[in-house]
Structures are given as C-alpha cells and as structure tokens.
Amino acid sequence: MSRRVVRQSKFRHVFGQAAKADQAYEDIRVSKVTWDSSFCAVNPKFLAIIVEAGGGGAFIVLPLAKTGRVDKNHPLVTGHTAPVLDIDWCPHNDNVIASASDDTTIMVWQIPDYTPMRNITEPIITLEGHSKRVGILSWHPTARNVLLSAGGDNVIIIWNVGTGEVLLSLDDMHPDIIHSVCWNSNGSLLATTCKDKTLRIVDPRKGQVVAERFAAHEGMRPMRAVFTRQGHIFTTGFTRMSQRELGLWDPNNFEEPVALQEMDTSNGVLLPFYDPDSSIVYLCGKGDSSIRYFEITEEPPFVHYLNTFSSKEPQRGMGFMPRRGLDVSKCEIARFYKLHERKCEPIIMTVPRKSDLFQDDLYPDTPGPEPALEADEWLSGQDAEPVLISLRDGYVPPKHRELRVTKRNILDARPPSGPRRSQSASDAPLSQNMLETLLEQVKALREQVQAQEQRITALENMLCELVDGD
C-alpha cells in the first residue's frame, strides 16, 4: 500500500488569530471611496487609515499603542482638496508618509512622535505633475527619498522627495488605467498591470518595457502583480467566466505560466501581500471576510495552499506590517490590520512552536530602516540590495528623524545652451560676491526658521503636559 507523502514545510501550520477586543482601534470612520487600494498603512510606530472627511481628503495617524476607542476630535492629516486614494509609509523613515489624492497631487508628511493638538495641514512637500487623480504610491525599497506615483493620466512618475524633482516620467507605456505597480527587491525593475490586460516588466531608468504578457488573466476585471524573491511574478486576476484566479510567471519566459489556479467566483479584487522572508503570499479581497495564504517554492506545483483565516465581518481594507514590526517572542510571522466600517482589528499570523528561544529559521535578517543608496546614485544606474538587520533582540524604531527638503538652487542650474558671453575680469569678483551674499541670507533665514520651529515644538509640548496633567 503506497503512503501519501506530506510536503515538508515549517509554514504548514501557520494560523491566524484576531487580536482581543481591547487591542482593536474603535470609532474610526473608514473611507467609503470606491477605489481598490488597501486604505491602510502601518509601520513599527504608527497606524494610518484613510477616513471620511467633509470638504476634502484626510487620513488619521495613530501610535500603534493607542488602542481602544479613538477620540472623535483626534487630529487628522488634512491637506488634500479631494478624497485620499492611497497612503504609503517611507521604508527608511518611520515618521514620513506619502498620500495620493483625487485632487491630482501627492503630499509628503512628517508625523511627530507626540500626538499633535490640532490637524496636520502643512505637508513637507507637495508633488504636482499628474493631470488626473493619483491612485497608486510606492516608495523605492533601497534608495533614499525616491517615491513612485501612478495616476489616472496613465503616467508613472518617479520623484526625488528630498528635492521635489521629477527623476523619471514614464508617460507612453500604458495606453489605459494602471491597476498596480510593484518594485522588485532592489528597485531596478517594476511590474505593472493595466486595464489593457497586459502585465509588463519595466526598466524605469531605461524607460523600456523589458518583457510583457497579454491576458495573463483573461477576465476584464483588475489584475494585481508582485515580485517574488525568486524573481518570478505572482498575479491575481479573473478568468473569462469571472472566476478569481492566481498565477505565477517567469519574466524570462512569459509564454506559459509557472502555475495557474482558479479560486472562486467572488467579484472583489484580490490584493496580494507578499512576504519575501517566508515566501508566503496572503490574498485579501475587498468585501471578503477571509485571508487565504499560499507558500511559493521552487518545487511543483510552486504555489502551495496553506490555510484560510476566516471571520464574520467583511474587510474594507488591509494594512500589512513590515517584518521589523513583528513580535519575534511569539513566533509571529505576519500581522494585518483589517478595516471594518468603524474600526481596525489586528490579525496575527503565528507559527506554533514550543520553544521560547529566538527561532532563526523563521526570522532571517530582514530589510531595516537604512537606505542602501542615495537618489542620484540610483538614477545614475547603481543598484543595491536592502540593508539587512537581525531581529534576534527585537526591533526598536529609531527616534524621530526629520526629512529635510532642499529645493534645487537656481544658482546651481545648468547654464543655458548656446554661446556664452565672454566674462571680463571685473565681472568675476562681482558674481562671486553676489553668490556669497545670497548664501549668507539663506543661512540667516534658515536659522530663524529653525528657532521658530523649536519655539512651536516647546509650546506644543507644554500644552500636551497641561492636557495630561488635567
């Protein structure tokens, strides 16, 4: 009699569990905007959720520890004149978040470690370059201050947030609405999906589509794509009969899928959340009340179903904690923040282990908060893998780090093309003096601004102490 061989995997018994009621965040008016983004972003310090707001767009930022009922007067981040469609935390600074809106702009915000007394209304910088709504944001995984945005104008723009400049604009690659954009692990390539049913691999610095596959999923509804650590592309989409489907593709051979599996007939778009450290992909459908998860391996059938976390309430959106924010003492390998209509509920994925010791096999070194490259190094063609950190002693987020935006000085601009006026000896010292005078003025103004900022911070701290004292 033949024995059935069970596939060996340390993740076979991963199970999901909703946090206790007192660990949820209650009384949050989650946005009702019709848009297929996750509406939630989380890092080891903060939870951010897009919320309903009259007369514009807003999101709320809560310290992770501030669970329970949220005060109805809790300050919001309000600056957009139309609904916010996507938010994304900077991977290299836990106090910096970007927001994209129906008002065609992207705003980058500095969130203080203390809870402010009033709404945050002034972004560090506003990025204007799209002609229609901006619905997708994604920070570069390894280069400092590099942010990607994709808009309803079918254009992808890559920005240097530190200067406010457009680094690259990819405006003739997508003939229709862009549904998703994902960086690979070192930020050298993009995987994009589009309403024209084409999956594209893009080299953004060359401005080239290096591989593409038409109708990776044959249905008309939106498709999503993410890179795996093996360099494959994992996709979710729909069949011609509107069944939900998942696929795994090798960009070097797009003719045949590595794997293709039909799932069910629900009509919600499946949002894939991929964890490269475990090579597990979690599928969350908007309107679903479950999270299905699969392990991606090198052995057939390549995409292995693990389990389903089910609950009673449908999800309006989902936040996915980076690895460095997990509790390694509890063998936690993923944490989600599930949005309901009026609350946010953490869901914890755990590998059952008897030992209390640090589990090396569950926690390989993972990307930390330090960038591997500067923006101009990446733009010039350099690539670097993420700077890794160990989680053996847990992760302590660094203290508040300020993002300084330095607009390019017009004095540093390149000279206009064409014949240059010959410079006389008397001109040279004059222009040098002017330059030094201007630099002195800029320095004096900057010192004045810093002094004012310190006064404002001191006053806000005094107010916080008074409120806490009462």
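User: How do I read "buried" here?

Analyst: Buried means under 20% relative accessible area, exposed means over 50%, and partly exposed is in between, with a 1.4 Å probe and protein chains only. In this chain, buried residues make up 50% of the 470 residues. Keep in mind that this is a predicted model: local features need pLDDT of at least 70, side-chain atom pairs count only at pLDDT 80 or more, and totals for chains, interfaces and linings use all residues. Residues are numbered from 1 along each chain as its sequence is written, and side-chain values use heavy atoms, with hydrogens and water left out.

User: What does the secondary structure of the chain come to?

Analyst: Helices (H or I, at least four residues) and strands (E, at least two) are DSSP runs, numbered from the N terminus. Here you get two helices and 32 strands.

User: And the radius of gyration, what is it for the chain?

Analyst: The radius is taken over C-alpha atoms, and the globule rule is 2.2 Å times the number of residues to the power 0.38. For 470 residues a compact globule would come out near 23 Å, and the chain's 24 Å agrees with that. Along the principal axes, the C-alpha atoms fill a box of roughly 100 × 65 × 45 Å.

User: Which residues does isoleucine 97 touch?

Analyst: A contact means heavy atoms within 4.5 Å. Not counting residues up to four places away in sequence, isoleucine 97 touches residues including Phe59, Trp89 and Trp109. Lysine 72, 25 residues apart from isoleucine 97 in sequence, is 22 Å apart in space, C-alpha to C-alpha.

User: What polar contact does the side chain of histidine 174 make?

Analyst: A polar contact is a pair of N or O atoms within 3.5 Å; within protein, one must be able to donate a hydrogen and the other to accept it, and residues adjacent in sequence count only if both atoms are side-chain atoms. The side chain of histidine 174 pairs this way with the side chain of threonine 192 (2.8 Å). Histidine 174 sits in the loop between β15 (165-170) and β16, and is buried at 4%.

User: Where is the place of asparagine 186?

Analyst: In the loop between β16 (178-183) and β17 (190-194). Asparagine 186 is buried too, at 12%, and its side chain makes a polar contact with the side chain of glutamate 385 (3.5 Å).
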